[in-house]
Amino acid sequence: MQLNQERDAQYILVYQLFGDLYVFLNDQLKQKKLDLLEKFFAYLQKNDYKLSRIQASELFETIKRNFELQFYNKYTPQIVEEIQNQQCDLEQQFLESDDKEFIINYIIDQKNVINNHVDKKLDELTIRLEEDFQFELAEQYQELIEKLKKNAHLLKEYLVPNLNVEEYFENPQQDLERKLFGIVVCFLQGSNSRDINLINKKYKFIFYQGEKVKVEFHLNNLQNPEIKLLDVFVEELIEILNQKKNIKIQLNFNLFKMQEQLFKKKIEMQGCQTSCGFCNRKCDLQQEHQSNHECQNGHFLIVNLEKQKQQYSCDDDFFFLRRVENFEWDFDPKQNIDQKKQLKDKLIKIWQEYGQDICNKLQKSYQNIQQLNHNRVHYIFILDSSESMNKDWTDIKKGVREFIKKIKEKDQVENKEFWISLILFNKEQTTLINSKRARDIKTKFKMNFLGGGTNFGKPIKKAINLVKKDNTSDLFLILFYTDGKAAIPEQELKKMQNLEEEKRKKIHLIACTHDSNTQNKVLNNMVKYFSDHIKQAEIFTFSSANVLIGFWSVVINFRLNR
């Protein structure tokens with residue numbers, strides 16, 4: 001669809017360009033036919049008077065035509081540069097704007113806002129360039145007319161009337177009419193021709209006038225450059241110059257041949273026309289990019305999913321987006337921490353002020369989120385250490401120890417107020433780290449494998465009690481790993497409802513298991529129960545413990561660097 005639209009736009013562009021050109025050339029051709037016919041009859045009649053007037057007109061039209069061509073060629077690079085310097089500046093405007101209508105439309109339909117803005121900006125540029133160069137063309141044209149007039153009047157002042165061409169020259173020669181034409185043209189240009197030495201001595205004074213002004217013009221493609229009667233030729237030229245002085249020369253912007261440049265710039269400024277299915281943010285790569293789509297300036301808050309996602313932007317919510325298969329987007333953040341914070345703060349502010357309006361227009365449910373301080377995080381690791389988990393234990397143990405070490409170092413250096421709990425379970429639960437400040441945890445601690453059967457009730461109960469007693473943390477991030485081979489802990493899950501709503505809104509559960517357990521009903525039902533009563537709960541499956549550790553590393557690093 002996008003390629004068809006681009007093709008149709010190109011067809012329209014070509015039609016407009018060549019349609020105008022056809023009309024222009026057709027009019028020119030009709031006039032040329034009339035002029036040639038008039039000249040033909042003048043030659044047949046040997047009407048030197050009329051031929052001299054025609055020759056003056058042809059000289060002026062050639063000067064004018066070449067002047068215009070030189071003008072368009074001279075200023076084309078400047079116009080190209082003006083076009084190339086155009087940028088779509090809406091992103092910075094979005095970050096700084098307080099315009100409610102603009103902000104809402106930019107979030108709801110960024111693509112069309114940008115496309116309309118680019119169209120308007122390039123239209124305004126074209127209008128401004130037309131006005132600027134119309135003025136420049138008219139000014140230079142009038143300057144040309146005035147200089148030509150001055151030299152023509154100077155020539156007329158010293159002319160001897162009613163002289164034949166032969167009388168101007170010392171000796172009879174061939175092509176005297178052409179030679180006289182060349183001498184006159186040099187005079188009009190403010191210089192002297194080398195052929196002036198051929199002029200009869202008593203008439204040389206006519207062409208040796210020191211008051212001439214320099215005029216630069218070209219006579220490319222001038223046919224039959226000759227003069228029959230010099231006095232008639234000069235009088236006609238002066239009359240033409242007087243007439244043209246009062247006629248405004250019109251700029252033909254199409255002759256700059258900028259249509260293709262403007263079209264390319266439009267495509268470049270509008271960029272890729274694909275928008276993120278989660279947040280409506282437009283891909284900001286070029287239209288014909290070969291890589292996955294990206295939002296290099298960061299994603300918006302998620303608006304096209306259930307309302308509990310609305311506090312996240314797409315590049316925040318790693319845990320959800322990782323499940324999306326065959327989605328041609330690169331969600332890795334491209335901004336530095338300060339840039340991302342600036343955007344996130346702006347988005348939170350927007351959502352608090354206009355979130356209801358945005359959701360109404362999108363026909364989505366709205367949740368009035370508050371800007372939470374996620375610096376104080378309580379990391380709660382719940383690890384299944386029953387017999388069926390034996391083969392993965394070494395990798396899990398190594399990975400979790402590294403995480404705890406990294407969280408501790410961050411807390412020590414930046415005083416982040418991180419807390420850690422570590423629970424192992426089989427039929428019982430063993431608490432190795434019981435709600436301790438991360439910076440105070442010992443570097444070395446044992447994580448012996450337990451073996452035996454599995455009971456979800458006791459570790460869930462312990463986690464609920466940890467949350468209940470912790471009144472300082474802003475987020476409880478529960479990282480839960482199991483194969484799901486146990487009964488659902490109904491009593492303990494019901495007790496979770498007794499937690500204060502404010503506490504439950506701070507709990508985020510990330511449950512992980514092996515790919516082979518995707519259809520495990522107990523695990524899926526348990527996560528669904530959590531999802532219905534806490535801030536967020538997700539379940540992920542992995543092919544190996546190493547892949548799981550890699551995923552947890554992404555989640556933890558993201559939290560540490562907020």
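Buried, in this talk, means under 20% relative accessible area, with exposed over 50% and partly exposed in between, using a 1.4 Å probe and protein chains only. One caution: this is a predicted model, where local features need pLDDT of at least 70, side-chain atom pairs count only at pLDDT 80 or more, and totals for chains, interfaces and linings use all residues. Residues are numbered from 1 along each chain as its sequence is written, and side-chain values use heavy atoms, leaving out hydrogens and water.

Start with helix H7, residues 230–245. Helices are DSSP runs of H or I, at least four residues; strands are runs of E, at least two; both are numbered from the N terminus. H7 has 16 residues and spans 22 Å from first C-alpha to last. That is close to the expected 22 Å at 1.5 Å a residue, taken as 1.5 Å times one less than the number of residues. Which residues of H7 are buried? Among them are Leu230, Phe233, Ile238 and Leu241. Their cover includes helices H2 (48–84), H5 (110–158) and H6 (176–188).

Now the sheet. Six strands make an open sheet, ordered E3-E2-E1-E4-E5-E6, with mixed pairing. Strands pair if DSSP finds at least two bridges between them. E3 (429–437) and E6 (536–542) are the edges, each pairing on one side only. E5 (residues 507–514) and E6 run parallel, joined by seven bridges. In E6, Gln536 is the bridge partner of His508.

Helix H12 (residues 457–469) packs on this sheet. H12 touches E1, E2, E3, E4 and E5, contact being heavy atoms within 4.5 Å. Its direction makes about 15° with that of E3. Angles run from 0 to 180 degrees between N-to-C directions, on axes fitted to C-alpha atoms, for helices over the stretch in contact. Helix H15 (residues 521–533) lies across E4, E5 and E6, at about 155° to E6.
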